[in-house]
Amino acid sequence: MSWGTELWDQFDNLEKHTQWGIDTLEKCIKFVKERTEIELSYAKQLRNLSKKYQPKKNSKEEEEYKYTSCKAFISTLNEMNDYAGQHEVISENMASQIIVDLARYVQELKQERKSNFHDGRKAQQHIETCWKQLESSKRRFERDCKEADRAQQYFEKMDADINVTKADVEKARQQAQIRHQMAEDSKADYSSILQKFNHEQHEYYHTHIPNIFQKIQEMEERRIVRIGESMKTYAEVDRQVIPIIGKCLDGIVKAAESIDQKNDSQLVIEAYKSGFEPPGDIEFEDYTQPMKRTVSDNSLSNSRGEGKPDLKFGGKSKGKLWPFIKKNKGATPEDFSNLPPEQRRKKLQQKVDELNKEIQKEMDQRDAITKMKDVYLKNPQMGDPASLDHKLAEVSQNIEKLRLETQKFEAWLAEVEGRLPARSEQARRQSGLYDSQNPPTVNNCAQDRESSPDGSYTEEQSQESEVKVLATDFDDEFDDEEPLPAIGTCKALYTFEGQNEGTISVVEGETLYVIEEDKGDGWTRIRRNEDEEGYVPTSYVEVCLDKNAKDS
């Protein structure tokens with residue numbers, strides 16, 4: 001099966017077919033190029049998607065990713081980032097192994113095709129030239145034969161005419177001989193050219209054209225083989241990344257299997273546990289007796305108002321107000337005294353850890369400066385040792401300041417831990433794992449309170465309004481109630497801005513009366529005068545209780 005023998009007369013069709021083959025190859029290149037662009041675009045979109053859902057640093061969202069389910073989600077995002085990288089690899093390999101290679105091959109193919117068809121056209125032009133020469137010699141031979149016949153007939157006519165002179169007859173005879181000789185010469189020339197043409201034609205159809213068409217056939221078959229090889233490479237490029245993509249998917253499955261619902265539940269406890277004890281039973285108040293209300297120190301009902309239509313009290317109760325009811329938004333105290341005990345302990349522990357890290361950092365810097373100073377002392381040409389004294393003194397001052405700050409927070413922490421209920425060693429270890437987090441406060445034992453977004457406690461709006469209404473209606477009823485007696489005095493160690501309902505502001509150095517000591521929640525009830533009383537953090541005051549009050 002050879003194009004040279006089977007398609008000897010299909011030069012133009014072969015030219016069209018080979019051009020179509022090159023167009024098909026270029027179409028394949030364009031297809032792979034668009035695929036690489038899609039892979040790059042897909043990888044970019046995957047990376048952007050993964051980046052979009054990554055937690056922002058130093059944000060509340062980042063704190064939520066301590067849960068195993070959120071960690072698994074982060075692992076999934078990271079695996080998707082690696083997954084996107086494999087699609088970039090696909091794009092790069094297809095570009096280098098297919099597009100670049102085929103583009104170079106197409107250029108070579110075009111040159112080879114051009115050369116082969118140029119040789120074919122050259123052979124065609126040569127055979128056409130030989131054919132024209134043959135036709136020309138044939139027409140000349142035919143013309144000379146006709147001229148010789150006419151000259152012979154004219155001679156015979158002249159020879160038969162008795163009226164023509166002998167000279168005219170001789171002249172006609174010579175002219176006939178000349179024409180006859182010319183016909184013989186044309187015949188010989190025609191015969192030679194015909195023989196030559198037949199030889200050239202035989203060479204054209206049995207040697208030149210078969211050889212040229214054979215080259216074209218081989219060129220076309222190489223093109224077809226190259227397309228097949230490119231398709232295999234196309235598949236192999238994809239196949240090479242399948243194991244890595246499989247590992248990415250395995251990583252997602254492993255992350256999903258690492259989710260521990262029990263551990264997450266424990267983290268919720270650690271994050272939101274307040275450390276308060278649940279409220280005790282509410283004492284029965286007998287209104288058949290003279291109106292003299294007793295207040296239960298472990299009851300929360302004094303400030304919350306039950307919201308029932310038949311409630312007949314709630315005005316100026318001298319009972320203990322809930323110390324965390326949010327009234328006005330203000331700055332967070334330095335010792336986090338606005339938080340429940342457990343959350344306060346976490347915040348203080350986190351602060352202590354941060355300060356210890358800063359101290360260690362400063363100490364490392366001091367050691368580095370000291371070593372450099374020793375080097376300068378041994379090698380004065382490297383630098384002046386005295387130039388480091390100022391920096392060394394500055395670092396030492398920073399360390400001392402940080403140590404004093406750490407001692408202050410450690411004292412507050414020891415105070416809080418001393419007031420908290422005893423916890424098991426395991427619970428302490430579990431809690432310690434997350435001391436560096438910043439968990440928001442949570443709704444405690446009261447059902448009608450909700451925590452505000454900034455971590456302070458607030459009551460529902462409708463209930464707060466109800467308490468205000470009740471207070472207005474029954475103010476006069478309790479105006480004559482005896483105030484609680486003073487059980488000692490206290491001196492304010494720090495200034496405290498009492499911005500929450502039930503608290504009172506104090507100024508550093510101020511002396512006030514203590515009317516109710518700390519019940520374990522970190523708050524002491526004090527009075528400035530008959531109309532001003534409230535709670536302050538116990539750590540902000542130095543309390544001196546009256547001995548008689550202690551004995552009673």
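Modeller: Let us start with E170, which forms a salt bridge with R173; their closest N and O atoms are 2.0 Å apart. A salt bridge here is a side-chain nitrogen of Lys or Arg within 4 Å of a carboxyl oxygen of Asp or Glu. This is a predicted model, in which local features need pLDDT of at least 70 and side-chain atom pairs count only at pLDDT 80 or more, while totals for chains, interfaces and linings use all residues. Residues are numbered from 1 along each chain as its sequence is written, and side-chain values use heavy atoms, with hydrogens and water left out.

Biologist: Where do E170 and R173 sit relative to one another?

Modeller: Both lie in helix α5 (residues 166–257), three residues apart, so about one helical turn separates them. Helices (H or I, at least four residues) and strands (E, at least two) are DSSP runs, numbered from the N terminus.

Biologist: How many salt bridges does the structure hold?

Modeller: The structure holds 23. One of them joins the side chains of R528 and E510, at 2.6 Å from N to O. That pair links distant parts of the chain: R528 is in the loop between β5 and β6, and E510 is in the loop between β3 (488–492) and β4, 18 residues apart. R528 is partly exposed at 25%, whereas E510 is buried at 19%.

Biologist: What is the strand order in the open sheet?

Modeller: The five strands run in the order β6-β5-β4-β3-β7, with antiparallel pairing. β6 and β7 (541–545) stand at the edges with a single partner strand each, so one side of each has no neighbour in the sheet. The twist averages 40° from one strand to the next; axes are lines fitted to C-alpha atoms, for helices over the stretch in contact, and angles run from 0 to 180 degrees between N-to-C directions.

Biologist: How many bridges join β5 to β6?

Modeller: Five bridges join strand β5 (residues 523–527) to β6, and the two run antiparallel. Two strands pair if DSSP finds at least two bridges between them. R525 has Y535 as its bridge partner in β6, and a hairpin of five residues connects the strands. On the other pairing, β4 (residues 511–516) and β5 share three bridges, with I526 as the bridge partner of V514.

Biologist: Why is β6 described as largely enclosed?

Modeller: Four of the five residues of β6 (residues 533–537) are buried, so the rest of the structure largely encloses this strand.

Biologist: A change of topic: which residues does Y83 contact beyond its sequence neighbours?

Modeller: Leaving aside neighbours within four places in sequence, Y83 is in contact with Y42, L46, I245 and C248; contact means heavy atoms within 4.5 Å. Y83 belongs to helix α4 (residues 68–160) and is buried, with a relative accessible area of 17%. Y83 and K247 are 164 residues apart in sequence but 9.2 Å apart in space, C-alpha to C-alpha.

Biologist: And how many helices and strands are there in the protein chain?

Modeller: The protein chain has twelve helices and seven strands, and 37% of its 552 residues count as buried.

Definitions and conventions: Buried means under 20% relative accessible area, exposed over 50%, partly exposed in between (1.4 Å probe, protein chains only).
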